[in-house]
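Try each one before reading its solution.

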Amino acid sequence: MKKTIKLFAIAVAGLAIAACSSAEKMVQLAENVKITCDPEVLEVIGGEIDANVTVTYPADYFHPQAILEVTPVLVYQGGEAAMKPFKYQGEKVRDNYRVVSTAGQTVREKVHFDYVEGMESAYLELRGVVKYKTKVWNLPARKVAVGCNTTYMLVKQDGYISLKKDNYQEIVKQTAEGQILYKVNSAEVQSSQLKSQSVKDFIAALDEIKANERKTVTGTEIVAYASPEGGEKLNAKLSDNRGVSADKAWDQLTKGKDVADPAIKSIGQDWEGFKELVEASNIQDKDLILRVLSMYSDPAVRESEIKNISAVYTSLQTSVLPELRRARFIANVEYKNFTAEELVTLVDENIDVLDEEALLRAATLVRDIDKKNELYGKAVEKFGSDRAQFNLGVLALSQDNLASAEKAFAKVKTKDADLENALGLIALRKGNLDKAASQFRKAGTDDAKHNLGIVDILNGDYAKAAQELADVKGCPFNKTLAYLLNDQLDQAAKSATCKSNDMAYLKAIIAARQGDQAAYNENLAKASKIEELAKRAATDIEFSMFK
C-alpha cells in the first residue's frame, strides 16, 4: 500500500514537471508565432495612432494551463507609451480572459496611442509574459511596426481669409449738369433761363473742368422733355422742338469754351421724371398717383386716371409738371484719380485729403504692417469704416495675435459671411475644430470652404479635404498636401506648381513615394534651406527608403 502511494506521488510530481516544462516552451518557441501589423508603417491621424495587430499561434504552442499577457508598447525618442496588456488563457484555465486553443488560433487586436512629440522615430513592439501558477517567463520583445508618419501635420493652419476690398476708382465717371425750363406747350427759350442759377453753375463747372488737369470732358448731351400732359404725339413733337432750341442756346452759352458739340436726345413725355418728383414730394395722396403709374403703362390712360383725381392734379400742375418742361445740358467727365505712387506719397505728406476708399486702397500698397494698421485705423476713426475695422482683424490674424484679432472683429458691425469665416479661423487657431467647422459651414464662402479642407486634414478625412481644396489658386500647399495624403500622387505633383521651399518638401515626399531618388534629392536639398524642415527630414519616415 505504502509503495503504491509513493509511486502515485512520483507520477504526479512528474506530470507537474512536464507541465511546467511545456509552459516554458512558449518562450522557447515564441519565434514560431506569426505577427503582422496593419499598417506596417504607423500613421498619425488627427493626433492619434491606430493599428490592427494580428497574432497567429501555431498548433501545440499555447499551453492549456498558461496565461499570456501581451503589452503593446510604442517606443520613441524621449520615452515610451504602453497600453493596458491583452490577456489570454489556455483552455484549462478558469478565468475570464480570452481563450486560445492548443490546436492553434489567430487573434486580432486594435492598438491605440495618443501622439506626442518624438513619436516620428518610433516603433511598435509587443512584450509578452507567460504565467504558469507561480512561474513567470518573459517572451522576447517583437517589433511589429515602425513609424510614425506625421505628414498631415505639415498642413498650414493660417487659413484662408481675404481683406475687405476697397471701391477705389482710378478713373471716376462724373457729370456736370444744368437745365432750362419752358412754358406750357412752348419750345422757345426765354432769356431769363439763360441767366438762371442752374445754367450759371453749369458754365462754372465747364470752366473748372477745363482748369483741372485731372478732369476731361468725354462727351456732351442735350436731353429734351415734355411734361406728361396733353397728347403723346403732341408732346413728342414739342420735345423735339425743345431739343432744337436748346441746341441753339448751348451754342450761345459755350461760345469760346472749346466744348464739343452735344448729342441731342428727345425723350417726349417724362414719366420717369414725373414719378421721381412725386415720390420726393409732400403731395396729398401721392401713393394713389404712384399706384396709377404702376397699374397702367399706357400714357393716355395714366393721364386720364390722374386727372380724375382733381384735387391732386391741381397740386401737380403747380409743383411737379412745370419742372418737367425742360432741356438738360450734360457734360460727361472723367476724373483721373490719384495713382498708386501718389497715394503712397499722400499717406505721408497729406493724408487728410484721402477719402475712405483711398485710405483702404493705400493700405494695400504699403508694405509695413504698422503703416497698414495706421491707415485702417484712420479710416475707422474718420469715416467709421466697417471694412477697415474688419481688415484690422485680418492683419492681427496675419501676425497670429488672436487676442487683438478677437477685439477687432468684435467691433465689426456687419455680421456677414466674412466675419463668420474670421471667427472660424480664430477657433481653428485655438484648436477647437468642431466650432471652427461650424463657423466655416455657416459662412459658406470660398475661403470658408478651403478652411474646411484644413479641418478635414486635421481630422483625417483626406478625401473630403481634397474636394474642399480642389479650386484653391495661387501656391496651393494645402491642396497639394490633401492629394498627397489621399495617395493621389499624380494630382499632387500636378498641383505642386509654386517654387517655394516648403512646397519642395512635399515634392520630395512625392518623389520618395514614387521611388524617384533624383527628384527626391533635388527637392529635399531645396526644402532643407528651411531649418525646421531640415530637422524634420532627418527623422521623417517618408524618406526611410533613401536613408
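A nonpolar core is a set of buried Ala, Val, Leu, Ile, Met, Phe, Trp, Tyr and Cys residues joined through side-chain atoms within 4.5 Å; buried means under 20% relative accessible area, exposed over 50% and partly exposed in between (1.4 Å probe, protein chains only). The model is predicted, so local features need pLDDT of at least 70 and side-chain atom pairs count only at pLDDT 80 or more, while totals for chains, interfaces and linings use all residues. Residues are numbered from 1 along each chain as its sequence is written, and side-chain values use heavy atoms, leaving out hydrogens and water.

**Exercise 1.** Find the largest nonpolar core and the residues with the most contacts inside it.

*Solution.* Step one: the largest core has 99 residues. Step two: Tyr57, Leu124, Phe409 and Ile457 have the most contacts inside it. Step three: helix α19 (residues 501–514; a DSSP run of H or I, at least four residues) gives the largest share, nine residues. Step four: a second, separate core has 20 residues, among them Tyr168 and Ala408.

**Exercise 2.** Which cysteines form a disulfide (sulfur atoms within 2.5 Å)?

*Solution.* First, a search of the whole structure finds one disulfide. Next, its partners are cysteine 475 and cysteine 498, with sulfur atoms 1.7 Å apart. Both lie in loops, so the pair ties together parts that are 23 residues apart in sequence. Then check accessibility: cysteine 475 is partly exposed at 39%, whereas cysteine 498 is buried at 15%.

Notes
Helices (H or I, at least four residues) and strands (E, at least two) are DSSP runs, numbered from the N terminus. A disulfide is a pair of cysteine sulfur atoms within 2.5 Å.
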